[in-house]
Amino acid sequence: MEMLLNPLVLLVNFILIPGLAYGSQLALGALGVTMVYAVLNFSNFSHGEIMSFGAMVTILATYWLQSIGLSISPLPTALLALPLGILGSISLCLLLDRLVFRFYRQQRAGSVTYLIVSIGVMFVIGGLIRFIIGPDDRNFNDGDRFLLKAREFKEMSGLSEGLAIKSSQAITVITAFIVVAAIFWFLNRTRTGKSMRAYADNQDLALLSGINPDRVVRITWVITAGLAAVAGTLYGLDKSYKPLVYLHLVLPIFAAAIVGGVGNPLGAIVGGFVIAFSELLLTFAYKKVAAYLFGEGFFGDGLLQILSTDYKFAVSFMILVVVLLVKPTGIFSGKSL
Amino acid sequence: MNRPSENALARQHIFNLPADWPAHRRNLVLACIMALMLSFVGFVQSWNLAFSLLNMCLISAIMSLGVNIQWGYAGLFNAGVMGFAALGGLAAVLVSMDPVPAAWAAGGGGIGLGLVIGFVTICINIYLWKRARSNGKKRYWLIGLVVVVGYSLMRLAIDPSVAAIEAVDPAMTGYLGGLGLPIVLSWLFGGLFAAAAAWVVGRIALGLRSDYLAIATLGISEIILYVLKFEDWLTRGVKNVNGLPRPVPYEVDLQEAAWLQEIITQFNLSIIEASSLLVKLCYAGLFLIVLLTIIWLSESALRGPWGRMMRAIRDNEVAANAMGKNVTSRHLQVFILGSAVIGIAGAMLVTLDGQFTPTSYQPLRFTFLIWVMVIVGGSGNNWGAVLGGFVVWFFWIEAEPIGLWLITLLTSGMEPAHWLRLHLIENAAHTRLITMGLVLLLTLRFAPRGLIPEVKR
């Protein structure tokens with residue numbers, strides 16, 4: 001029995017738990033990208049920076065809360081500061097829409113024009129963030145580090161492999177679940193959500209049936225910004241906050257959105273987990289697992305790693321390319337292709 | 001500017017000036033302003049800085065010409081500029097560095113065998129993909145099986161050799177080295193490398209709609225970068241390759257030359273400054289030759305039937321297709337040509353730096369900044385792309401001192417040690433990102449055709 005349990009614990013510890021956390025972060029990000037794509041019809045390259053901006057406001061608010069001595073220990077103070085971060089990124093997005101994107105919407109600009117505009121926006125927000133908080137690494141997680149420590153698990157179960165759950169991972173998965181459930185309830189059950197879906201489906205028809213386009217666009221930005229702030233903060237809590245990282249996070253997020261099918265919210269979530277788990281599965285060294293199952297040295301002394309860990313990020317791009325080649329509409333056929 | 005006025009025609013008659021003289025005059029004024037800005041840097045900061053700016057401006061201009069060929073002529077959004085530039089840099093290493101015989105002996109055969117296995121796997125896959133079209137879902141499983149088997153065999157062949165190569169004097173070499181040829185040749189090879197990669201990328205991605213093409217190329221360029229960063233046997237990875245040979249003389253040798261001694265006594269310069277200026281001038285001359293050749297080639301292509309066809313395809317694909325033009329293969333062609341130009345610029349950049357540092361390739365600097373150059377300069381106009389390369393690179397570098405100067409000026413009323421003032425001064429370097437973003441957004445909004453708009457022919 002232990003021969004099977006040990007490798008199982010190993011896989012859960014190194015693949016299932018980190019994959020769930022990372023997948024939730026990607027899914028939240030991809031959900032935002034997909035919403036903008038469905039309603040406003042463009043690929044928003046500045047989404048990573050919006051996430052970063054939300055996380056930055058959260059961090060600044062966290063510092064402020066810490067300075068006045070407020071804390072919700074053992075949970076990180078950042079959770080208390082998160083609403084402020086969400087507000088910050090919502091105001092940023094509404095301002096951006098008013099100053100930048102609205103003009104092109106009225107011009108009925110093509111999707112590439114939007115894309116270039118969003119690159120400009122990415123530059124400006126990225127610069128602002130570095131200007132305000134600087135380019136350095138920041139760790140703002142002041143809560144308990146672990147929900148379950150590897151040593152405690154070993155003592156409890158008597159197995160030789162440990163199982164550790166970081167509290168930030170648990171917080172990520174739970175928060176993501178709540179947020180996603182709320183979004184789906186909103187899209188499927190409320191009148192506003194339904195009007196948004198109608199608008200995304202067919203703009204002209206939606207306009208004819210009396211849906212106010214400005215309101216739909218505003219609400220889309222509010223939701224996207226909220227999702228971005230939550231995703232950015234959770235990623236920062238889990239790994240640590242560094243402005244440059246969010247620029248590189250855009251690609252896995254787009255990969256997740258496209259793999260699931262752009263414009264499809266359910267697809268974005270599935271895509272996030274597909275990307276996260278394939279990154280981990282392809283770069284995990286299966287040496288120890290094989291040792292438990294088949295005995296030491298059964299496959300020689302190789303690490304039994306499909307790809308070296310260096311290529312972790314590259315996996316998502318490879319999946320992206322393969323999906324674009326084989327099924328450009330994604331798993332759940334996205335809209336407008 | 002579209003149609004010469006009567007006045008302009010009369011002038012053309014008298015002075016034999018080109019018909020679109022007013023547009024030319026405006027371009028000349030813009031070019032003069034750019035030259036003035038560079039010499040201003042020379043007078044205020046230093047001539048050394050002005051000439052290194054000029055060299056980087058020339059390289060940026062070539063890169064933005066490459067993007068302009070793809071975007072301005074054909075409307076293809078290539079967000080993988082970084083990858084092609086890095087491949088050009090790789091060419092500089094592989095052409096100019098001396099080979100490492102010990103490393104070749106240790107693992108050259110294994111690497112060669114592995115690459116052959118990889119190539120054969122890809123060929124089998126393509127063959128299967130085409131043959132097994134009628135087999136439905138089975139096709140995917142078949143391909144998957146071939147990939148798994150081929151990849152495992154390749155890894156079995158390569159892994160021990162890689163370890164052996166990287167163990168050969170890791171502090172100095174630890175890679176296969178290059179061919180030991182003159183580095184100027186690598187500019188040609190940089191173009192070829194990038195063209196070959198562009199062929200593959202184009203075959204994969206050109207069928208996609210425009211913003212998907214952007215995302216796919218962005219992803220592919222990241223994959224290229226990951227390979228360059230982590231395949232130490234090829235590029236030394238993050239250990240960098242230093243001391244690439246130069247196409248121009250070294251400062252130390254120049255300082256001993258008698259004729260230079262004479263010149264400096266005439267111009268009242270220090271010997272160190274004079275030699276480094278001279279080296280930079282040599283580089284500038286070489287770069288200028290490349291730039292002018294590429295402009296001449298692309299201008300004549302653009303004026304000829306080929307250019308007319310490209311514009312027709314860009315403006316209305318369906319109509320061009322109906323006229324019997326093969327849109328897909330034209331797109332592939334123009335994608336390869338543009339990428340080759342970017343690859344040439346990438347090789348030139350590494351030549352100028354004298355070292356290959358894979359970690360220095362960031363999408364912000366190598367992809368998106370080049371895009372700003374093209375848009376600001378004027379997409380579809382080669383001279384616009386060149387001017388854009390100059391202007392944007394100039395401000396990318398000079399935004400920092402200007403920003404610092406502005407901040408110091410604005411906060412001069414505050415007390416010197418005020419936290420806000422210190423914070424602002426410390427982060428002044430980041431004004432360049434904001435400036436670039438604002439320049440891009442303002443151009444798109446108020447002058448979407450750029451500084452030198454495309455000429456209607």
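Is R314(B) buried, partly exposed or exposed? R314(B) is partly exposed, with a relative accessible area of 24% (buried means under 20%, exposed over 50%, partly exposed in between, with a 1.4 Å probe and protein chains only). The model is predicted, so local features need pLDDT of at least 70 and side-chain atom pairs pLDDT 80 or more, whereas totals for chains, interfaces and linings use all residues. Residues are numbered from 1 along each chain as its sequence is written, chains are lettered from A and ligands numbered from 1 in the order written, and side-chain values use heavy atoms, without hydrogens and water.

**Salt bridges**

- Over all chains, the structure holds 9 salt bridges (a side-chain nitrogen of Lys or Arg within 4 Å of a carboxyl oxygen of Asp or Glu).
- R314(B) pairs with D315(B) in a salt bridge at 3.1 Å, N to O, and D315(B) is exposed at 57% relative accessible area.
- D238(A) and K239(A) form a salt bridge at 4.0 Å; D238(A) is buried at 8%, while K239(A) is partly exposed at 43%.
- A network of salt bridges links K166(A), D238(A) and K239(A).
- R151(A) and E155(A) form a salt bridge, with the closest N and O atoms 3.8 Å apart, and both residues are exposed.

**Domains 1 and 2 of chain B**

- Chain B is divided into domain 1 (76–98 + 185–361), domain 2 (100–176) and domain 3 (363–457), with bounds from an automatic or database domain assignment.
- In domain 1 of chain B, 9 residues are in contact with 12 residues of domain 2 of chain B (heavy atoms within 4.5 Å).
- Between domain 1 of chain B and domain 2 of chain B there are 0 salt bridges.
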